[in-house]
Amino acid sequence: MGKGGSLSEGVIKKILLSYTYVAIWIFLSFTVIVYNKYILDKKMYNWPFPISLTMIHMSFCASLAFLLVRVFRLVEPVTMSRDLYLSSVVPIGALYSLSLWLSNSAYIYLSVSFIQMLKALMPVAVYSIGVSFKKESFKTDTMVNMISISIGVAIAAYGEARFDTWGVMLQLGAVAFEATRLVLIQILLTSKGITLNPITSLYYVAPCCLAFLFVPWIFVEYPILRDSSSFHFDFVIFGTNSVCAFALNLAVFLLVGKTSALTMNVAGVVKDWLLIAFSWSVIKDTVTPINLFGYGLAFLGVAYYNHSKLQALKAKDAQKKAAQPDEEASRLLEERDGEGIGKRNESQK
């Protein structure tokens, strides 16, 4: 009972910790999305400056990441040459800045619920771009699944009460840039043996984002902010919003580190349904039956995609485990043959 009891307690503790990390990530992701919507929406806080908001986030996150990496040394930096930084990190930073800019801009025009429905296209974009860059192999059944997700999102868009073409274009652009960034991370960093956790990612990528966002900010938002005498920087609103954004990155670090990226994908589906319910019940966004039917169809496609990924990972893991005894047996056989040859040589002497 002692061993069995301690093992059971250990397993229960591990499960509870996993659920705790998932709950923290869902809460923070939920909070950041709703908070950004509150700040940017003209009917709420009415500060429709998505580039400025993104730059505030990046400045805060870059500063804290610098403190964690360089001052307090709580996170180990990655060895990276200047050429590697320019050729690999800078393009990823450019795509990340565009993705954040466009996704934050979409909150001005679209409801939170509809944005979450459009985000269901992320696996479609990642898979399509992965195939075009030869990082994913083309499979007919996977492509059929991607088409079913796209049809579901199209139905949800058809049933959207507050459909805005410009807002949809912004969100689809954000999805495309984010998907390209994820594929390029595999090509430019992972394939070279470089792994960045969310903190080191901010340390290296956030300054790039600031530099890229500064150019459009100067021409698009700075003149309006300069001429607006009514605006005063609210340290409480923007400070707490930035803290939430940074805490979300820490939560990603914990969730992926203690569970897996697939767990985060599954948790993301739960978060999306919670956001749709919150958007409908609290913000009073209109969610139509056609919306729900379309998103339900897309949800089934995403769930099947995640299930397929999980099965592929399990099969790969099983192959590795099956190969280990064969490798061990081959090594022992080689050692035994080597010892036999050595003994024969000694007897000949």
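# Pocket and rings

Visitor: Which helix gives the most to the lining of the second largest pocket?
Guide: This is a predicted model, where local features need pLDDT of at least 70, side-chain atom pairs 80 or more, and totals for chains, interfaces and linings use all residues. Numbering runs from 1 along each chain as its sequence is written, and side-chain values use heavy atoms, without hydrogens and water. With four residues, the top contributor is helix 3.

Visitor: Which helices each supply at least two residues of that lining?
Guide: Helices are DSSP runs (H or I, at least four residues), numbered from the N terminus. Three of them supply at least two lining residues each: helix 2 (50-71), helix 3 (82-109) and helix 7.

Visitor: How many aromatic pairs does the structure hold?
Guide: Rings of Phe, Tyr and Trp (its six-membered ring) pair if their centres lie within 6.5 Å. The total is 16.

Visitor: Are the rings of phenylalanine 114 and phenylalanine 163 stacked, edge-to-face or tilted?
Guide: Their centres are 6.2 Å apart, with the planes at 50°. Planes under 30 degrees apart count as stacked, over 60 as edge-to-face and the rest as tilted. So this pair is tilted.

Visitor: How many residues apart in sequence are the parts that this pair ties together?
Guide: Phenylalanine 114 lies in helix 4 (residues 112-118). Phenylalanine 163 lies in the loop between helix 6 (140-158) and helix 7 (165-188). The pair therefore ties together parts separated in sequence by 49 residues.

Visitor: Is phenylalanine 163 buried, partly exposed or exposed?
Guide: Buried means under 20% relative accessible area, exposed over 50%, partly exposed in between (1.4 Å probe, protein chains only). Phenylalanine 114 is buried, at 1%. Phenylalanine 163 has 42% relative accessibility, so it counts as partly exposed.

Visitor: Which helix holds both phenylalanine 214 and tryptophan 217?
Guide: These two form a tilted aromatic pair, 5.9 Å centre to centre with 35° between the planes. Phenylalanine 214 is partly exposed at 42%, while tryptophan 217 is buried at 18%. They lie three residues apart, about one turn, in helix 8 (residues 198-220).
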